[in-house]
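Colleague: I am new to this structure and would rather understand one part well than skim everything. Please pick a single part, walk me through it closely, and then show me what else is worth a look.

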Amino acid sequence: QDYSHELVCLTARERIVVPIRAIGARAVLDLPAQLDFSECPVKHSTQKTLLIRNVGNLAARYQLSTQSPFSVVPTAGTLGAGDTVRVTVAFHPLTKGDHCSLLSCNTGEERIHTKLHGGAVDVNVGLSTNSVEADKTFITTSSHKTVFIENRSNITAHFQWKAFPTEEDENEEKRRRRSLLHSLSEVRLEKFTEEKKIEKKKGSYEDHTARLSSMVQKMAKVQEDSMLFSSDVFFIEPMEGEIGPNCSAVIKVTFKPKEPLGYQNMAYCDISGYESRLPLHVRGEGQGPLVELSSSTLNFGNIFVNTPHIHEV
């Protein structure tokens, strides 16, 4: 806190005023004006270290904040006079292009800003093929094909096999499921209310809290669902994992038909370093048993009555 006062000197002839100013000790934080991430892989976290110095003469309590796709750790702390602290700023863009934001440092007395800038680009990752056709497979048996996810970049790429082509489609499906569960919960709540009225009249009481709690848990599971690829006849292994720089991952696609029909499905590989999900079209045909009789006609000829006669077919 700053203080001010006036020293007044009075004589018989004049009045002399001497202003007194006292500047209280305070923290003064020093941050760089800009932090540039240049070009970084999309859907991948790139981190940089930022130095914060307290060039004042009082300890400072500070809070840091920014907006997606940037983040900062730690978000708060105390910095003594003359001390320096390192904070980590992460850039995790989900879409290609330029991204800008501000890193705000609030000490309670002043707010300091650092401009954040980064560009997101696709890196060289991809599938060895975008279509897999399984061999004709007998029902109840299985056949396998191999696909490679190739990472020709210098980052470690994380992948997941998804059921939908975009995150927006996933969120739409989650909204649809939540709406369905919400409608069902309203019906159950009405039924629960009626049952309570009947129990009250009868003088008995049954705890229905568990059923309502189960419905809430189901809605929470829908929100947390990763929406991974799922099929009754096509199976992908592994469903998720990591691929080191300049390496590839072997993906096993299994086809197990249930009926003698043609099957096809789409799986989408969501991989860090590439904005769009990579589509994989999987196809297969189920084969029924190949059975025929050795003869279409069986002639027993003339047989005496009450005499058994055996032919093998």
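Modeller: Start at Gln 264, which stands opposite Arg 283 in β21. Strands here are DSSP runs of E with at least two residues, helices are runs of H or I with at least four, and both are numbered from the N terminus. Two strands pair if DSSP finds at least two bridges between them. This is a predicted model, in which local features need pLDDT of at least 70 and side-chain atom pairs count only at pLDDT 80 or more, while totals for chains, interfaces and linings use all residues. Residues are numbered from 1 along each chain as its sequence is written, and side-chain values use heavy atoms, leaving out hydrogens and water.

Now follow the chain from β20 into β21. The two form a hairpin with 6 residues between them, and in the turn Gly 273 has a positive phi of about 100°.

Strand β13 (residues 131-133) runs parallel to β21 (residues 278-287), and 3 bridges join them. Within that pairing, Ser 131 has His 281 as its bridge partner. Strand β14, residues 137-138, is also parallel to β21, with 2 bridges between them; here Phe 138 faces Gln 287 as its opposite number. In general, strands of a sheet pair through backbone hydrogen bonds, either parallel or antiparallel.

Elsewhere there is an open sheet of 4 strands, paired antiparallel in the order β12-β15-β19-β17. Its edges are β12 (125-127) and β17 (234-237), each of which pairs on one side only. The partner of β17 is β19 (residues 247-255), with 4 antiparallel bridges joining them, and Glu 237 stands opposite Lys 252 of β19.

The structure holds 5 aromatic pairs, where rings of Phe, Tyr and Trp (its six-membered ring) count as a pair if their centres lie within 6.5 Å; planes under 30 degrees apart are stacked, over 60 edge-to-face, and the rest tilted. One of them is the tilted pair of Phe 37 and Phe 70, with 5.8 Å between centres and 45° between planes. Phe 37 sits in β4 (residues 34-41) and Phe 70 in β7 (residues 70-73), so this pair ties together parts 33 residues apart in sequence. Phe 70 also stacks with Phe 91, at 4.8 Å centre to centre and 20° between the planes. Because Phe 91 lies in β9 (residues 84-91), this second pair ties β7 to a part 21 residues away in sequence. Phe 37, Phe 70 and Phe 91 form one aromatic cluster. Phe 37 is buried, as is Phe 70, and Phe 91 is buried at 0% relative accessibility.

Stepping back, the chain has 2 helices and 21 strands. Buried residues make up 32% of its 313 residues. Of the contacts (heavy atoms within 4.5 Å) with a separation of 6 or more, 66% join residues 24 or more positions apart.

Conventions
Buried < 20%, exposed > 50% of the residue type's maximum accessible area, 1.4 Å probe, protein only.
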